[in-house]
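Keep the sequence and the model side by side as you read. The text below walks from the strands to the core and then to the aromatic rings.

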Amino acid sequence: MIVFDEIEDKELWNRFVIQENGSFLQSWQWGEIQSGDGNNVHRFFITRGDKTIACFSLYIKKTPVGMYGYLPRGPVI
């Protein structure tokens, strides 16, 4: 079964992104910059059984005409 879990562990997150050659745009620090700009940031691990198979940062941006979400250079697989 595949599960999506929101993550709050900065070290675990960055370790996986680096290990899988993910973009800096998926790093915890870049998410903090996005959050400081007023965007909502959500970070998810995708697991199968007890193994993490991917992760992604979801940025929710507000615009004058609504909201949209995007995964910059993600997911990291």
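The mean pLDDT of the protein chain is 95, and 100% of its residues reach 70 or more. This is a predicted model, so that confidence score is the place to begin. Among the elements, helix 1, residues 10-19, has the highest mean pLDDT, at 97. Strand 4, residues 66-70, has the lowest, at 94.

Start with the strands. Strand 1 covers residues 2-6 and strand 2 covers residues 40-48. The two pair in the antiparallel sense, over five bridges. To find this pairing in the model, go to Glu6: its bridge partner in strand 2 is Phe44. Strand 2 also pairs with strand 3, residues 51-63. This pairing is antiparallel too, and it runs over nine bridges. Here Thr47 stands opposite Thr52 of strand 3. Strand 2 and strand 3 form a hairpin with two residues between the strands. In that hairpin, Gly49 takes a positive phi near 65 degrees.

Which residues make up the largest nonpolar core? There are eight: Ile7, Trp13, Phe16, Val17, Trp28, Phe45, Cys55 and Val76. Helix 1 gives the largest share of this core, three residues.

Is Cys55 buried or exposed? Its relative accessibility is 0%, so it counts as buried. Setting aside neighbours within four places in sequence, Cys55 is in contact with Trp13, Phe16, Val17, Phe44, Phe45, Pro75 and Val76. Ile7 belongs to the core as well. Cys55 and Ile7 are 48 residues apart in sequence, and their C-alpha atoms are 9.5 Å apart in space.

Phe16 is another core member. Its relative accessible area is 9%, under the 20% cut-off, so Phe16 is buried. Residues up to four places away in sequence are again left out of its contacts. Phe16 then touches Phe45, Thr52, Ile53, Ala54, Cys55 and Val76.

Asn14 is also found in helix 1. At 14% relative accessibility, Asn14 counts as buried because the cut-off is 20%. Beyond its neighbours within four places in sequence, Asn14 is in contact with Ser27, Trp28 and Gln29.

Next come the aromatic rings. How many aromatic pairs are there? The count comes to seven. One of them joins Phe16 and Phe45, with ring centres 5.6 Å apart. Their planes stand at 70 degrees, over the 60 that edge-to-face requires, so the pair is edge-to-face. Phe16 lies in helix 1 and Phe45 in strand 2, so this pair ties together parts that are 29 residues apart in sequence. Phe45 counts as buried, at 5% relative accessibility.

Compare Tyr68 and Tyr70. Their ring centres are 6.0 Å apart and their planes are at 35 degrees, so this pair is tilted. Tyr68 has 40% relative accessibility and counts as partly exposed. Tyr70, at 27%, also counts as partly exposed.

Ring pairs also link Phe4, Phe44 and Phe56 into a cluster.

Finish at Trp28. This residue is part of the largest nonpolar core, and it is in contact with Asn14. The charged end of Arg43 sits over the ring of Trp28, 3.7 Å from its centre.

Notes: Residues are numbered from 1 along each chain as its sequence is written. This is a predicted model: local features need pLDDT of at least 70, side-chain atom pairs count only at pLDDT 80 or more; totals for chains, interfaces and linings use all residues. Side-chain values use heavy atoms; hydrogens and water are left out. Two strands pair if DSSP finds at least two bridges between them. Helices (H or I, at least four residues) and strands (E, at least two) are DSSP runs, numbered from the N terminus. pLDDT is the predictor's confidence in each residue, from 0 to 100. A nonpolar core is a set of buried Ala, Val, Leu, Ile, Met, Phe, Trp, Tyr and Cys residues joined through side-chain atoms within 4.5 Å. Buried means under 20% relative accessible area, exposed over 50%, partly exposed in between (1.4 Å probe, protein chains only). Contact means heavy atoms within 4.5 Å. Rings of Phe, Tyr and Trp (its six-membered ring) pair if their centres lie within 6.5 Å; planes under 30 degrees apart count as stacked, over 60 as edge-to-face and the rest as tilted. A charge sits over a ring if NZ of Lys or CZ of Arg is within 6 Å of the ring centre and within 35 degrees of the ring normal.
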